[in-house]
Amino acid sequence: MLNANIHRYLRHGTLPQLRVFEASARLGSFTQAARELHIAQPTASVQLKKLSETVGVALFEQVGRRVFLTEAGRHLYAGCQEVFRALSTIEDSLAGMRSLESGRLRLAVSTTGMSFAPRLLGAFAALHPGVETSMQGHNRQTLVERISRNEDDLYLFPDSPDMEEVVAQELLPNPLVVLARDDHPLAREKNIAFKRLAQEPFLIREEGSGARRTTMRLFGERGLVPRVRMELGTNEAIREAILAGLGVTIMSRYTFGLDPESSRYACLDVAGFPLENHWYLVYPAGKQLNAGARAFLDFARAQAKELVREGAARH
């Protein structure tokens, strides 16, 4: 809260007055000050008169043709220098943020997105080392809650956010597949009917996750109910359960890396799969994106596909 004793300065447009005062005190002449500031001398005189009235004491005294600061004027001049230095420091920091020499980028990512988002953010940070970057992984429900509270700069969703009052920009394909262990009995079959898949024990994420929401929607559209064998709170737990042969799951192809079939996972050939889906970068409508967020948005749209291809080629 501002101190009550400075309210008088906030009511009278003090900064323009201080500008005229500083130049007059430094040059020792009202005429030269007006000339330096490219204003008429009567305008300068009015500004100084208003400042003197605001302060409540005389700031200058004129002896002959020379202008001198009063004792009060000398105190104000010293304070004026401090104010201008503080404003200069603030402007330097803001200029750095505007030019990406500094600033901060806060990115919130779906847990599935953690398979590639760190690589994307790392490439951005290498280009803009002055920007402080941070990233947190959350399930879908938490991302929605964080958007409503405007806690981050950008949000990475694994599908369309289906929310009002947000801006969503399509980023990358995010196909949904049925994942199982590579020796699963269905791993060699072709064009598996969804009804047949529904007979398999299912591994499913917790309430609030996007993967669970998608799975339940797909089953519901077909009038079926999944045989849930295990409900698990992380993708890592799902991965371990698949490797243990405990069931199958519907998830993004990239949940466990950019090429799951290069490990012990198999994408089952289920009719209708892979399902077309996309990653989206999202932010609240009306949000004023800072320079770092705007730059990351442009960078991600331009570079994400290439970075994913490079990552897949290395696996």
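**Close-up 1. Arg205 and Glu206 joined by their side chains.** Here the side chains of Arg205 and Glu206 meet in a salt bridge, 2.7 Å from N to O. This is a predicted model, and every close-up below is drawn from it. Arg205 and Glu206 are both buried.

Close-up 2. Side chains of opposite charge can pair when their charged atoms come close. Arg146 has a relative accessible area of 12%, so it counts as buried. Asp152 is buried as well, at 4%. In the other pair, Glu200 forms a salt bridge with Arg196, and the closest N and O atoms are 2.8 Å apart. Are these two partners buried or exposed, or something in between? Glu200 is buried, with a relative accessible area of 11%, while Arg196 is partly exposed at 29%.

**Close-up 3. Thr111 and its contacts.** You will find Thr111 in the loop between β3 and α6. Its relative accessibility is 27%, so Thr111 counts as partly exposed. Which residues does Thr111 touch, leaving aside neighbours within four places in sequence? They are Gly137, His138, Asn139, Arg205 and Asn235; Arg205 is also the salt-bridge partner of Glu206. Although Thr111 and Thr234 are 123 residues apart along the chain, their C-alpha atoms are separated by 7.9 Å.

Close-up 4. Not counting residues up to four places away in sequence, Leu154 touches Leu105, Arg106, Leu107, Ala108, Leu281, Val282, Tyr283, Leu289, Ala293, Phe296 and Leu297.

**Close-up 5. The buried side of helix α3.** Helix α3 spans residues 30–37, and Ala33, Ala34 and Leu37 are buried within it. Why do these three lie on the same side of α3? They cover an arc of only 100 degrees around the axis, which puts them on the same side of the helix. The buried residues of α3 pack against α2 and α4 (41–55).

Close-up 6. Leu15, Val83, Leu87, Ile90 and Leu94 make a nonpolar surface patch of about 390 Å². Which helix gives the most to this patch? Helix α5 (residues 71–98) does, with four residues. Leu15 lies in helix α2 (residues 14–27), and α2 is one of the helices that the buried residues of α3 pack against. At 44% relative accessibility, Leu15 counts as partly exposed.

Note on methods:
Residues are numbered from 1 along each chain as its sequence is written. This is a predicted model: local features need pLDDT of at least 70, side-chain atom pairs count only at pLDDT 80 or more; totals for chains, interfaces and linings use all residues. Side-chain values use heavy atoms; hydrogens and water are left out. Patches are made of residues with over 30% relative accessible area and no salt bridge: like charges are joined within 9 Å, nonpolar side chains (Val, Leu, Ile, Met, Phe, Trp, Tyr) within 5 Å. Accessible areas come from the Shrake-Rupley method with a 1.4 Å probe; for residues, only the protein chains shown count as cover. A salt bridge is a side-chain nitrogen of Lys or Arg within 4 Å of a carboxyl oxygen of Asp or Glu. Helices (H or I, at least four residues) and strands (E, at least two) are DSSP runs, numbered from the N terminus. Buried means under 20% relative accessible area, exposed over 50%, partly exposed in between (1.4 Å probe, protein chains only). Contact means heavy atoms within 4.5 Å. The arc is that of the directions from the helix axis to the C-beta atoms.
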